[in-house]
Amino acid sequence: MGRFDYCLNTSTIRSPGVSVLEYVDIAADAGYDGIEPWVEEIDAWVEAGGTLTQLRNHAAGRGIRIVNLIAFFEWAVPEKDRHARGLEEARRCFEMAQVLECPFVATAPKGIHDREVDLFSVARRFAELTEAVSDFSPKPLLEFWGVSRTLGTVGEALLVAAESGVRDARLLTDIFHMYKGSGHQHGMDYLDPGRLGLVHMNDYPADPSRTDIEDEHRVYPGDGEAPWDEIVASLERQEYRGMLSLELFNPAYWAEGPVTTARKGLARLRACVEDA
């Protein structure tokens with residue numbers, strides 16, 4: 001299992017007054033290999049006088065790879081004006097990722113999550129997005145949300161990728177979102193080697209039910225019901241060599257402080273993967 005590297009999504013250790021630069025230090029001190037910052041955190045850093053170059057160099061100096069940016073531009077909406085603004089914001093995010101030497105930007109179903117939208121039209125807009133940012137090195141990671149009425153499962157993400165015509169399209173998958181959207185993790189078995197770009201790692205309790213469960217109920221890997229033997233076996237079959245990124249939104253963990261949560265989360269995640 002040593003082939004896996006471990007990443008920290010900064011939502012896991014969200015803490016008022018802590019900058020994205022400090023999140024890098026927390027991740028490095030805890031033993032992670034990478035970090036997934038949110039664009040809003042980076043914007044706050046820059047607004048406070050920091051620069052993207054400082055962030056990039058600091059991360060490199062601490063041995064932390066900036067793996068993926070969490071962004072919420074509306075790339076998939078059918079309304080022309082909103083779609084145009086979404087592509088404009090996308091270019092800003094991809095430009096930011098390029099300066100940070102970050103290989104991916106999350107491409108979530110923001111704006112179509114609360115309604116049903118034809119998936120073939122979403123596929124066309126994913127192709128448009130890919131073309132719109134093609135002059136940057138970072139690539140879009142097609143992300144689904146289990147809470148979303150459109151693009152809510154692995155299966156829907158695979159349809160969008162296949163129908164988009166984007167040959168090197170990669171997916172971002174998430175243990176919680178697979179459970180919330182499908183009730184299982186079997187969708188991962190249909191991903192060919194090289195198709196998965198990143199995995200968000202977390203667990204989910206038996207209570208609340210799948211109908212009622214929300215992001216805030218995510219728990220440390222191993223503290224819930226996720227079938228870790230199946231998940232790791234699927235990653236092995238895919239010959240996955242990317243990051244495993246811990247992404248939680250649990251207020252109880254935030255209250256424990258970012259340092260404690262980062263260390264505890266990595267220990268739980270490693271145990272689940274290495275014991276599977």
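Predicted model: local features only at pLDDT ≥ 70, side-chain atom pairs only at ≥ 80, totals over all residues.
Helix α1 spans residues 20-30. Most of this helix is covered, as eight of its eleven residues are buried. The buried residues of α1 are Val20, Leu21, Tyr23, Val24, Ile26, Ala27, Ala28 and Ala30. Their cover includes strands β1 and β2, the latter formed by residues 34-36, together with helices α2, α3 and α10. Directly after α1, Gly31 adopts a positive phi of about 110 degrees.

One of the helices covering α1 is α10, which runs from residue 258 to residue 275. Ala267 lies in α10. With a relative accessible area of 47%, Ala267 is partly exposed, whereas Ala30 of α1 is buried. Along the chain, Ala267 and Ala30 are 237 residues apart, yet a distance of 9.3 Å separates their C-alpha atoms.

The axes of α1 and α2 lie 9 Å apart, and the angle between the two helices is about 120 degrees. Angles of 65 to 115 degrees count as roughly perpendicular and those over 145 as roughly antiparallel; α1 and α2 are therefore oblique to each other. On the α1 side, the contact is made by Val20, Leu21 and Tyr23, and on the α2 side by Glu41, Ile42 and Trp45. Of the residues in this contact, five are nonpolar, one is charged and none is polar. Val20, Leu21 and Tyr23 are also among the buried residues of α1.

Val39, Ile42 and Asp43 of α2 form the contact with Arg92, Cys93 and Met96 of α4. The residues of this contact comprise four nonpolar and two charged ones, with no polar residue. Ile42 takes part in the contact of α2 with α4 and also in the contact of α2 with α1.

Helix α3 (residues 52-61) has Leu52, Leu55 and Ala59 among its buried residues. These three residues cover an arc of only 65 degrees around the axis, and therefore lie on the same side of α3. Ala60 and Gly61 are exposed on the other side of the helix. The elements covering the buried residues of α3 include helices α1, α2 and α4, as well as strand β3 at residues 65-66. Just after α3, Gly63 takes a positive phi of about 75 degrees.

Asn9 belongs to strand β1, which is formed by residues 5-9. The relative accessible area of Asn9 is 0%, and any value under 20% counts as buried, so Asn9 is buried. The side chain of Asn9 is joined to the side chain of Glu36 by a polar contact of 3.3 Å. A polar contact of 3.1 Å links the side chain of Asn9 with that of Glu247. Leaving out residues up to four places away in sequence, Asn9 touches Glu36, Trp38, Ile70, His200, Ser245, Leu246 and Glu247.

Note on methods: Residues numbered from 1 in each chain as written. Heavy atoms only, no water. Contact = heavy atoms within 4.5 Å. Helix = DSSP H or I, 4+ residues; strand = E, 2+ residues; numbered from the N terminus. Nonpolar A, V, L, I, M, F, W, Y, C, P; charged D, E, K, R; others polar. Buried < 20%, exposed > 50% of the residue type's maximum accessible area, 1.4 Å probe, protein only. Polar contact = N/O pair within 3.5 Å; in protein donor to acceptor, adjacent residues only side chain to side chain. Arc of directions from axis to C-beta. Axes fitted to C-alpha atoms, helices over the stretch in contact; angles between N-to-C directions. Parallel < 35°, antiparallel > 145°, perpendicular 65-115°, else oblique.
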